[in-house]
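Subject: Structure handover

Hello,

My notes on what was found in it follow.

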Amino acid sequence: MKNISSVLLISALALNQSCTTMKKTDTQQEVPVTDPSLSSNPFMKKSKLQYEAPEFNKIKNEHFKPAFDFGLKQQDAEILKIANNPEAPTFENTIVALEKSGEVLKRAVIVFSNLTSANTNPTLQALDEEYAPIFAAHSDKMYLNENLYKRIKSIKEDGLDAEGKRLVQYYKQNFEIAGANLSAADKEKLKQINQELASLSTQYSNKLLEARKQGGVFFSDVKELDGLSADEIAAAAADAKTAGQPGKYLLALQNTTQQPLLQNMKNRASREKLFKASWQRAEKGDGSDTRETIEKLAALRLKKAQTLGKKSFADWKLQDQMAKTPEAAKKLMNQIASPAVETAKREAKDIQDLIDQQKGGFKVEPWDWNFYAEQVRKAKYDLDENQIKPYFEVTTVLEKGVFYAAEKFYGLTFKKRTDLPVYHPDVVTYEVFDHDGKSIAIYYLDFYTRDSKNGGAWMSNFVEQSYLLGTKPVIVNCYNYQKPAPGKPSLISYDDVSTMFHEFGHSIHGMFASQKYPSLSGTNVPRDFVEFPSQINEHWALDPVVLKNYAIHYETRQPIPQALVDKIKKAATFNQGYMTTELVSAAALDMDWHTVTNQSQLIPVLDFEKQSLKDHGFTLATVPPRYHTPYFAHIWGGGYSAGYYAYLWSETLDNDAWEWIKNNGGLTRENGDRFRKYILSVGNSVDLNQAFRDFTGHDPDIKPLLRNRGFIK
Ligand SMILES: [Zn+2]
């Protein structure tokens, strides 16, 4: 995933995930630094570190609030000056000036939002709740400023280069989407709604973090964990000790409905316990129950859309996406849903047959699925996850897999850095060099799960590329891999390997950014496009040349045997019915929540979900959605509201483009340069439907996706 929490906060400053990266301007003197403590605040000046990487050695909790307050005032003054400029509006004195505004605020917010996602604490959480509505109001102040909108509308595009023209269009559209055309009374109403929405979203995220923390399951007897590896058991024992229950075993919850450990847990009662803890984590009627917040959010989003003259929130949200309308997104989901469900039914039968063969005497339930699917996989493909895990040691996968593929395809090289400060001791740092040896980016990785970190995996920028501002990308990838017990190797599953390639795909999209204006730079693209580069990069994990290079046994140092590689490849379409159904059903659920057109359609959360799944034909109880509404953080706490379909949309682009790459020689420098030229380096500076056509020579086609998932021949 592309981090949205940072994007969200920053979008408070410049709607639609653009980052208002800024430079010192002459307007800054209008806000004198009156607070003497500000002079030592690390956010007041550009970092002296390479590429303005954040000075984590200096940044403390207490620096955020004064930097926010100063930064808000500073940008207010800058915006007023732009809006009330007596000179006739020009591209330079209006739009470029906006691109440069808010330097201090941007610097503080980008670090803040990354830390609240990756390494939060009660102080930061409280600040987050306090400032979310303030940032929302700040954003509205700009977008609903009538003078400013008038200036932007009157800017002539003649004489501008293509990126400049695109930026003018982008600003016009963003102002309209934000409500610049509304009456004064409706603007006031909208401001109120936006602040409330921001507060509710933050409240939701904080509740969910607590729910995940409280939701972990303690086991007293090691027999209950039968099937887990010695290392996994050791880690569970260590976690229980940290949680103040020495002698017990704690299995922490992952973000998704299904919990990865379930596939090895032999004890059915333990499986049920862990699964139910996951499913019910945020609906216990206690302080971390998210349902009431969700109901308020859904109702308020509808109100917002209607204030803005749209039928539904999705109609409003999708205007600037590739899909453009909810109907287009739904059409795609429908094309995938029924072959996915049909395939899942066949998979369910295979699983039930196996249970019956083993005289299990029960009907398959969701907590059984992965345990038996794993056995079916072993039987059908003779592939055992535990057999391959020793070949996936985390640093080897990174350096000899992810980096190696980037070297073969794009000519990149990487150098480990130990001199740059980090925000947590687990974070590792690299410098990235282009094919000609020029340094292009700083790249951080934060692998391990902890209570202070949101679930899932994501990419985010600390600094965004911009020629206007003279900045280069500083990027971070966060994961939630289980930290090995001390002295043990960090072995990850094939899924985790795939995630590492995925997140690096976002990173490379950021690293190859080549834009003048920060708002159009790198990963600041529509959400249904943003997963395209990351999904493309996942394919390298199974490329035979790459796989052989990184899949090395951590003890014997032997490369993975070819027979095992063949099995992994053969098993690639395994369980796709399940995996696609859980994804499409989550996407449909999201779209249903955001296409309600009347308050009366909003019924209690669990009833709403049940009805939605039934309406779409997702009636297989054994295949629950990837996220259950109470913990669907993408749509309630992040920016994927009415946007979870984006994964499927991007995947359509991905499979189609991947087919082009495969048919044209695969892992070659020539193909890498072509992908970089048309897709990775253009940011949002061109029409992305056109960018796709430039790369593949045609419009996106869904058939490669259906073929690759094994749904059609
Ligand atoms: Zn992603």
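Helix 10 and helix 14 cross in the right-handed sense. The model is a predicted one, and the description here starts with that pair. Helix 10 covers residues 268–279 and helix 14 covers residues 366–381; their axes come within 8 Å and cross at roughly 120 degrees. Angles over 145 degrees would count as roughly antiparallel and those from 65 to 115 as roughly perpendicular, so helix 10 and helix 14 are classed as oblique to each other. From helix 10, the contact uses Arg 268, Arg 271, Glu 272, Phe 275 and Lys 276. Helix 14 contributes Pro 366, Trp 367, Asp 368, Phe 371 and Tyr 372. By class, the residues of this contact are five nonpolar and five charged, with no polar ones.

Helix 2 (residues 61–83) packs against helix 6 (residues 146–153) at an angle of about 55 degrees, and their axes are 8 Å apart. Helix 2 and helix 6 are therefore also described as oblique to each other. The crossing of helix 2 past helix 6 is left-handed. Ile 79, Ile 82 and Ala 83 make the contact from helix 2, while Asn 147, Leu 148 and Arg 151 make it from helix 6. Four residues of this contact are nonpolar, one is polar and one is charged.

On helix 16 the contact residues are Glu 407, Lys 408, Phe 409 and Tyr 410. On helix 25 they are Arg 669, Asn 671, Gly 672, Asp 673, Phe 675, Arg 676 and Leu 680. Here the classes are four nonpolar, two polar and five charged.

**The sheet and the helices across it**

Five strands form an open sheet in the order 3-4-5-7-6, and the pairing is mixed. Strand 3 (413–417) and strand 6 (458–463) are the edge strands; each has a single partner strand, so one side of each has no neighbour in the sheet. On average, neighbouring strands of this sheet are turned by 25 degrees against each other, with direction ignored.

Within the sheet, strand 4 (residues 428–433) pairs with strand 5 (residues 439–448) in the antiparallel sense, over six bridges.

Helix 4 (residues 103–118) lies across strand 5, strand 6 and strand 7 (474–481), and its direction is at about 150 degrees to strand 6.

**Confidence**

The average pLDDT of the chain is 92, and 95% of the residues score at least 70. Residues 4–30 have a pLDDT below 50; in the model this stretch has 101 contacts beyond near neighbours in sequence.

Regards

Terms used. Residues are numbered from 1 along each chain as its sequence is written. This is a predicted model: local features need pLDDT of at least 70, side-chain atom pairs count only at pLDDT 80 or more; totals for chains, interfaces and linings use all residues. Side-chain values use heavy atoms; hydrogens and water are left out. Two strands pair if DSSP finds at least two bridges between them. Helices (H or I, at least four residues) and strands (E, at least two) are DSSP runs, numbered from the N terminus. Axes are lines fitted to C-alpha atoms, for helices over the stretch in contact, and angles run from 0 to 180 degrees between N-to-C directions. Contact means heavy atoms within 4.5 Å. Angles under 35 degrees count as roughly parallel, over 145 as roughly antiparallel, 65 to 115 as roughly perpendicular and the rest as oblique. A crossing is left-handed if the near helix is turned anticlockwise from the far one by less than a right angle, and right-handed if clockwise. Ala, Val, Leu, Ile, Met, Phe, Trp, Tyr, Cys and Pro count as nonpolar, Asp, Glu, Lys and Arg as charged, and the others, Gly among them, as polar. pLDDT is the predictor's confidence in each residue, from 0 to 100.
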